[in-house]
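This report describes the fold of one protein chain from its coordinates.

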Amino acid sequence: MSQETPYETRYFSVLLNNSGEVVQTETSRIAAVDRATAIEYAQQAFQNKDSGGFIAGLRYMKYEEGNNFRITFLNCGKELQSFRSFLWISVGMSLCGLFIIFWVIFFCAGKIIRPAAESYEKQKRFITDAGHEIKTPITIINANIDLLEMELGENECLSDIHQQADRLTALTNDLVYLARMEEPENKVEMVEMPISDVISEAIVPFKAVAQGQGKEIRCSIEPLLSMKGNQKSMEQLISILMDNALKYSPSGEAVNVFFARQGKYLRLNVQNKTSDLVSTEDIPHLFERFYRTDQSRNSETGGYGIGLSVAKAIVTAHGGKIHAWTDNGSSFHITVSIPF
């Protein structure tokens with residue numbers, strides 16, 4: 001504000017009584033609005049309950065003057081036009097900037113990401129190729145062990161070699177399977193299958209294992225549910241989850257399996273008690289390859305830290321999600337949600 005502001009500003013005012021009748025008009029400070037228009041705008045403002053606002057690009061303020069009401073209008077056309085111009089220019093410049101940044105990222109991202117993508121592809125190719133190459137010497141080792149056992153009879157050293165060769169074979173198969181599942185061109189064949197029966201049958205072999213370990217398997221499986229998926233993969237998923245639950249549950253405890261339809265999803269939950277607490281920091285990494293929360297525990301149970309990675313790949317291939325969580329630190333849960 002300055003001393004010249006009142007002379008540079010275009011405004012007019014109208015004085016109305018309590019009934020809304022015109023008492024006085026003052027339009028000498030504006031040329032674009034005549035007396036009739038001023039009265040029309042004033043009566044519109046008088047009917048509004050607010051003490052201020054905008055009418056036809058004019059900002060008004062209503063206040064009491066004795067027993068009457070004076071309504072003063074200020075011409076804000078230039079300010080509004082400047083604001084709109086600034087707004088549109090800002091929006092235009094922002095869009096241009098985003099467009100330029102998009103194309104810079106589009107052209108540069110490929111060059112930046114290409115080395116990492118190529119490294120990842122080489123890693124998957126190496127795992128697949130190495131897996132096939134390792135299978136041959138493992139087969140030869142197993143054949144030679146069988147021949148030595150025929151000649152020398154049962155031997156503790158030969159049994160240990162045979163056991164380690166079997167473990168290496170299982171690890172190699174899991175790595176190759178995981179690499180293939182992550183390749184987009186190797187999609188698993190999906191067919192309609194009775195998933196309730198598949199899960200029930202896949203659990204049966206583990207009941208004898210659990211009984212031998214002094215454990216129990218309790219199942220709550222909703223019958224007659226079906227889904228579109230790969231039966232072999234789903235059987236492998238159940239085997240991984242059951243094997244994991246039995247490995248890390250103490251003797252005398254039960255492994256609980258719950259499977260039912262919930263909304264648009266089929267939910268599978270495998271729960272087991274655990275003597276080793278799983279921290280919240282470890283849970284997000286459980287499905288990473290070779291991740292181990294406790295080195296000694298995995299060494300004793302013979303785990304490699306890759307089973308849950310394979311389970312996640314199977315669930316992802318079926319368009320589902322898998323996550324782990326703990327209940328008061330003593331119960332460990334793995335929940336699978338698959339749409340059907």
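**Basis and overall make-up**

The model is predicted: local features require a pLDDT of at least 70, side-chain atom pairs count only at pLDDT 80 or more, and totals for chains, interfaces and linings use all residues. Residues are numbered from 1 along each chain as its sequence is written, and side-chain values use heavy atoms, with hydrogens and water left out.

The secondary structure comprises eight helices and 12 strands. Helices (H or I, at least four residues) and strands (E, at least two) are DSSP runs numbered from the N terminus. Of the 340 residues in the protein, 33% are buried; buried means under 20% relative accessible area, exposed over 50%, and partly exposed in between, with a 1.4 Å probe and protein chains only. The accessible surface comes to about 21300 Å², and carbon and sulfur atoms hold 56% of this area. Accessible areas come from the Shrake-Rupley method with a 1.4 Å probe, and for residues only the protein chains shown count as cover. Among contacts (heavy atoms within 4.5 Å) between residues at least 6 apart in sequence, 61% join residues at least 24 apart.

**The antiparallel sheet**

Two strands are taken to pair if DSSP finds at least two bridges between them. Strands of a sheet pair through backbone hydrogen bonds, either parallel or antiparallel.

| Strand pair | Bridges | Facing residues |
|---|---|---|
| β1 (residues 11-16) and β2 | four bridges | Leu-16 and Val-22 |
| β3 (residues 52-55) and β4 (residues 58-65) | four bridges | Gly-52 and Met-61 |
| β11 and β12 (residues 331-339) | seven bridges | Ala-324 and Ile-334 |

The hairpin of β3 and β4 has two residues between the strands, and Ala-56 takes a positive phi near 55 degrees there.

Leu-74 lies in strand β5 and is partly exposed, with a relative accessible area of 33%. Leaving aside residues up to four places away in sequence, Leu-74 touches Thr-9, Arg-10, Tyr-11, Gly-57, Leu-58 and Arg-59. Leu-58 is 16 residues from Leu-74 in sequence, and their C-alpha atoms are 5.6 Å apart.

**The mixed sheet**

A further open sheet of five strands has the order β7-β9-β10-β12-β11, with mixed pairing. Strands β7 (216-221) and β11 (321-327) have a single partner strand each, so one side of each edge strand is left without a neighbour in the sheet.

Helix α6 (residues 231-247) lies across β7, β9 (254-262), β10 (265-273) and β12, at about 25 degrees to β10. Helix α8 (residues 307-317) also packs on the sheet, where it touches β11 and β12; its direction makes about 130 degrees with that of β11.

**Helix α5**

The 18 residues of α5 should span 26 Å at 1.5 Å a residue, and its end C-alpha atoms are 27 Å apart, which agrees. The expected span is 1.5 Å times one less than the number of residues. The helix bends by about 35 degrees at Pro-205, the bend being the angle between axes fitted to the seven residues ending there and the seven starting there.

The buried residues of α5 are Ile-195, Ser-196, Val-198, Ile-199, Ala-202, Ile-203, Phe-206 and Ala-210. Their cover includes β6 (191-193), β7, β8 (227-229), α6, β9 and β10.

Lys-207 also belongs to α5 (residues 195-212), but is partly exposed, with a relative accessible area of 42%. Lys-207 and Met-242 are 35 residues apart in sequence, with 9.8 Å between their C-alpha atoms. After α5 comes Gly-214, whose phi is positive, near 75 degrees.

Definitions and conventions
Axes fitted to C-alpha atoms, helices over the stretch in contact; angles between N-to-C directions.
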